[in-house]
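Please open the model in your viewer and keep the selection tool at hand. The stops below say what to select next and what is to be found there.

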Amino acid sequence: PRVGTTVEMIMALLGSYDGSSSNMASLGSMDLWCANGAVSLNTWDTAYGRHTKNFQVEKFVEKFRVSAEIFMKNAEIWKHWAKRRINDAQVKDLLTSLDLGDKWNEDMLAQFRFECDDRNHSTVWELFSALTAWSTHKGSQSVAAVKAREKRVAKVISSPEFVRLAA
């Protein structure tokens, strides 16, 4: 979304040679400014397939073709966010309106300020980066904990309050 910032699509594949687990593939996006897992406006697409003779590679491929289209749509949204200037007061109002707790609000505002200082900009993109920094790095790194934080961020960025701020 910003010169010097690269957001790319990532894919994670999981399988087993002995059939003890299903094939799984997930698609998402990564903000390469700081290696935060960017929470997509559309949930990560995941495909599963059991190790059977009926496994259809074509279904996996089609799912990822659609995911690539979603990624490209998100990229256009992120470009807009990188141009939409905001200030601390707007971020504080947003966080307060979401009623997610004073401590969380303070942490998010501090991370937003860090992102703004680090990138020398104050836009919705820096707020998004602050949210994804929290979901990626704060607290337990267990898959369940990270997924729960990503779900919370997805809820924030899909909220009417965030959508209005980002417009």
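Begin by selecting α3 and α4, where W104, M108, Q111, F112, E115, C116 and R119 of α3 meet W125, E126, L127, S129, A130, L131, A133 and W134 of α4; contact here means heavy atoms within 4.5 Å. Helices (DSSP runs of H or I, at least four residues) and strands (runs of E, at least two) are numbered from the N terminus. This is a predicted model, in which local features need pLDDT of at least 70 and side-chain atom pairs count only at pLDDT 80 or more, while totals for chains, interfaces and linings use all residues. Residues are numbered from 1 along each chain as its sequence is written, and side-chain values use heavy atoms, with hydrogens and water left out.

If you look along this pair, the axes of α3 and α4 come within 8 Å and cross at roughly 120°, the axes being lines fitted to C-alpha atoms, for helices over the stretch in contact, with angles from 0 to 180 degrees between N-to-C directions. The two helices are therefore oblique to each other, since angles under 35 degrees count as roughly parallel, over 145 as roughly antiparallel, 65 to 115 as roughly perpendicular and the rest as oblique. The crossing of α3 and α4 is right-handed, a term used when the near helix is turned clockwise from the far one by less than a right angle, with anticlockwise giving left-handed.

On the α4 side the contact is made by F128, L131, W134, S135 and T136, and on the α5 side by V146, R149, E150, R152, V153, V156 and I157. The crossing of α4 and α5 is also described as right-handed.

Next, go back to α3 and show α2 beside it. The axes of α2 and α3 come within 10 Å and cross at roughly 150°, and the two helices are therefore roughly antiparallel to each other. D88, V91, K92, L95 and T96 of α2 make this contact with W104, N105, M108, L109, F112 and R113 of α3.

Now colour the nonpolar core, a set of buried Ala, Val, Leu, Ile, Met, Phe, Trp, Tyr and Cys residues joined through side-chain atoms within 4.5 Å. Buried means under 20% relative accessible area, exposed over 50%, and partly exposed in between (1.4 Å probe, protein chains only). The largest such core has 28 residues, and those with the most contacts inside it are W81, F112, L127, L131 and F162. Two or more residues each come from α1 (57-83), α2 (88-98), α3 (102-119), α4 (124-137), α5 (143-157) and α6 (160-166), and α4 gives the most, with 7 residues. Which residues does L131 contact, leaving aside its neighbours within four places in sequence? They are W104, M108, V153, V156, I157 and F162.

From the core, turn to the loops between the helices. R84 lies in the loop between α1 and α2 and counts as partly exposed, at 23% relative accessibility. Not counting residues up to four places away in sequence, R84 touches Q90, S122, T123, V124, L165, A166 and A167. The C-alpha atoms of R84 and W125, 41 residues apart along the chain, are separated by 7.9 Å.

D99, in the loop between α2 and α3, has a phi near 55°, a positive value in a residue other than glycine, and is exposed, with a relative accessible area of 67%. N120, in the loop between α3 and α4, has a positive phi of about 60° although it is not a glycine, and counts as exposed at 68% relative accessibility.

Finally, show the whole protein chain, which has 6 helices and 4 strands in the pattern β-β-β-β-α-α-α-α-α-α along the sequence. Colour the chain by pLDDT, the predictor's confidence in each residue, from 0 to 100: the mean is 80, and 80% of residues reach 70 or more. Among the elements, strand β3 (residues 36-38) has the lowest mean pLDDT (54) and α6 the highest (96).
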